[in-house]
Structure formats: C-alpha cells, structure tokens
Amino acid sequence: MIQIRISRPEDIPRQRELWQLAFGDDGAYVDNFYNAYYQPERVLLLEEDGVVQAMTAWFETTFAVPGQGRYRAAYLYAVATHPEARGRGLAGQLLAGADRIFREWGIPAVTTVPAEPSLHRFFGWNGFRECFVDGQFSAPREGHGIRTVSAVLKRLTPEEYRDLREGLLAGTAHIDLPQEALAYQAGACALAPGGGLYALRTPHGRAALCAEGMECGGLLVKELLCPPEDLDWVLERLPGLLPRWSFAWRTPGGSHPFGMLKWLDPELERSWDWDSTAYLGLAFD
C-alpha cells in the first residue's frame, strides 16, 4: 500500500539515508538542513508497505511577478527515491501526492531545480514546465591578475541579504526566498573557507553575492546581483576579494534553463504566459 504523508522526527535517519544514496552529500551538508531549516511538515514522504521509499523537502517561498501579484510557492528540494525502489513510478506518485497537500494548504505554485539536465524531462512528465533561467558563466583564471583595491566584501546576515536581494530584483519576476531559507544557504556557505552571503559597494549602488564551496575546493559565486553597468567592475575585483573564487558565477538575465514551474491553480495556469521567463537563481543545488 502506498501512503503519502508528512514526515515525523523519527523518520530522519531514513531521510538522511535516501539523501546520501541519491546525492552523495556528506554529513555536514545534510546536518545543516536539519539544524537550520527542518520541521516535520517541510519534508513529505512516500511510504510503501510501511517502508519510506521516497522523499522530498520543500521550501516556503513567494513567486513575485511585477504587475501581476505575489504567489505562495513551494520549492521542491532533495527529491529522492531509494535505488532499489526506482523504476516503479514512486517519485511521480510522491509529486502527485505533494500537489494534493499543497492545494489543501492553499499553495498555488510549485517550483523545482532539477539536479541534472536529464531530470527536466522527468519533471516535465509530471506537470512542470520550463520557466526559470539564469546566466551561468566561467572565465579562465589565466590573465586575471589580482587588482589591488579598497573595495571590501561585507558579510551579511540572512535578513540583510534578503533585503538587498529584493531591492536588486525589484521589477524582475523572481522567487523571493524567506529568511529561514537563506539561513540554510548561509550554513551551506559556511562549510567552505571564504564562503558567505556578501554585499559590495559598487560605483552605481551595491552588489549582492552568495559564495559556496565546490568539490574542487574553490568557491562558486552562485548568485551575483548588481547594477548591470557594474558587472565588469565587480568581476575585475572578485579575484582579490575572494581568493578561492573559481572564476564561475551566475547572474539573472541569461538563457540557461534552470528551474521549472507548475501552477496548481487552473486559472493561474491558463493565464500564465509560458513564453515569459523568471529568475530563481539562488537554488540549493
């Protein structure tokens, strides 16, 4: 028998097992989720004959669409199925069960960032459509000398980062992340030397950037927001400001398919312009 249900604290060891098997994340990374964000209702489980075989966590977010409205949105995260239970459609049943729960809770939209390109097709089969794009860039380290500057990165609290982020994204359709979600991100950043949520004073305003560790030991600037005319100015100075920077960064305004959207409200689904795009950007990938 299949049951879709809200997690319980006693399920945590099984959830961690599924997470490790699906994504290979180490203990410190998963610890950060359970210490910074987890509550039982924030993880949904598929139980088959009394055994938890699939899970998804979700973040409470807001889809902010200028000129239209602000919509409560569930951002699915860590969708995982036990390897021995794959190929039987359990993940699809979990997603359908999550939709029912979100409708009961008055959540009209669901978003997700597939962990790899092939999973865009899987989520497409389950009602999601491409919506969120970004720009993903990298540059060779050679030829980029460290510029001596007086600019300083200021480390921000999750609340401060959210305030700055929302100001920089005003006028852009985007996912607004709450302080709790950004606290989780801050914890992930702190796992690597130099990682963090930062602000930088630029010639025409302020920049916000989130730096997180990579497997190679460098830092990915997984979100870089600034006045458009200041982007090159920021990039020229980052090698000196973030010595472990990998010369890889993400920004809004690109065309790289990144996240997907599903409307649970039929009226919103019918009225949505699927030729339009939005920015999710700061995914917990």
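R201 stands opposite R206 in β10. The two strands here are β9 (residues 196–202) and β10 (residues 205–213), antiparallel and joined by 7 bridges; strands are DSSP runs of E, at least two residues long, helices are runs of H or I with at least four, and both are numbered from the N terminus. Strands count as paired if DSSP finds at least two bridges between them. Getting from β9 to β10 takes a hairpin of 2 residues.

This is a predicted model, so local features need pLDDT of at least 70 and side-chain atom pairs count only at pLDDT 80 or more, while totals for chains, interfaces and linings use all residues. Residues are numbered from 1 along each chain as its sequence is written, and side-chain values use heavy atoms, with hydrogens and water left out.

Moving on, β10 also runs antiparallel to β11 (residues 219–225), with 6 bridges between them. L209 sits opposite L224 in β11. The hairpin of β10 and β11 has 5 residues between the strands, and G217 takes a positive phi near 100 degrees there.

What covers the buried residues of α5? The list includes β4 (69–81), β8 (174–176), α6 (179–189), β9, β10 and β11. The buried residues themselves are P158, Y161, L164, R165 and E166, where buried means under 20% relative accessible area, exposed means over 50%, and partly exposed is in between (1.4 Å probe, protein chains only). E159 also belongs to α5 (residues 158–168), but E159 is partly exposed at 45%. Its C-alpha atom is 8.8 Å from that of E180, 21 residues apart along the chain.

As for the largest nonpolar core, it has 55 residues, and W19, F33, F63 and Y77 have the most contacts inside it. Such a core is a set of buried Ala, Val, Leu, Ile, Met, Phe, Trp, Tyr and Cys residues joined through side-chain atoms within 4.5 Å. Beyond four places in sequence, Y77 is in contact (heavy atoms within 4.5 Å) with W19, Y29, F33, T56, A57, F59, Y184 and F284.

D11 and R5 form one of them at 2.9 Å, N to O; D11 is buried at 8% and R5 is buried at 7%. R237 bridges to E236 with the closest N and O atoms 3.4 Å apart. Here R237 is buried at 11%, whereas E236 is partly exposed at 39%.

R250 and D285 meet in a salt bridge at 2.8 Å, N to O. That pair links distant parts of the chain, with R250 in β12 (residues 245–263) and D285 in the segment after α8 (266–271), 35 residues apart. E212 and K222 are linked with R250 and D285 in a network of salt bridges.

Which buried residue has no salt bridge, with R250 as its nearest side chain of opposite charge? That's D134, and R250 is 4.6 Å away; Lys and Arg count as positive, Asp and Glu as negative, and His and the chain ends are not counted. D134 lies in β6 (residues 129–138), and its contacts beyond four places in sequence include R250, H256 and Y279.

## Cysteines

How many disulfides are there? The count is 0, taking a disulfide as a pair of cysteine sulfur atoms within 2.5 Å. The sulfur of C226 has its closest cysteine sulfur in C210, 15 Å away, so that's too far for a bond. C226 is buried at 17%, and C131 is buried at 2%.

Key. A salt bridge is a side-chain nitrogen of Lys or Arg within 4 Å of a carboxyl oxygen of Asp or Glu.
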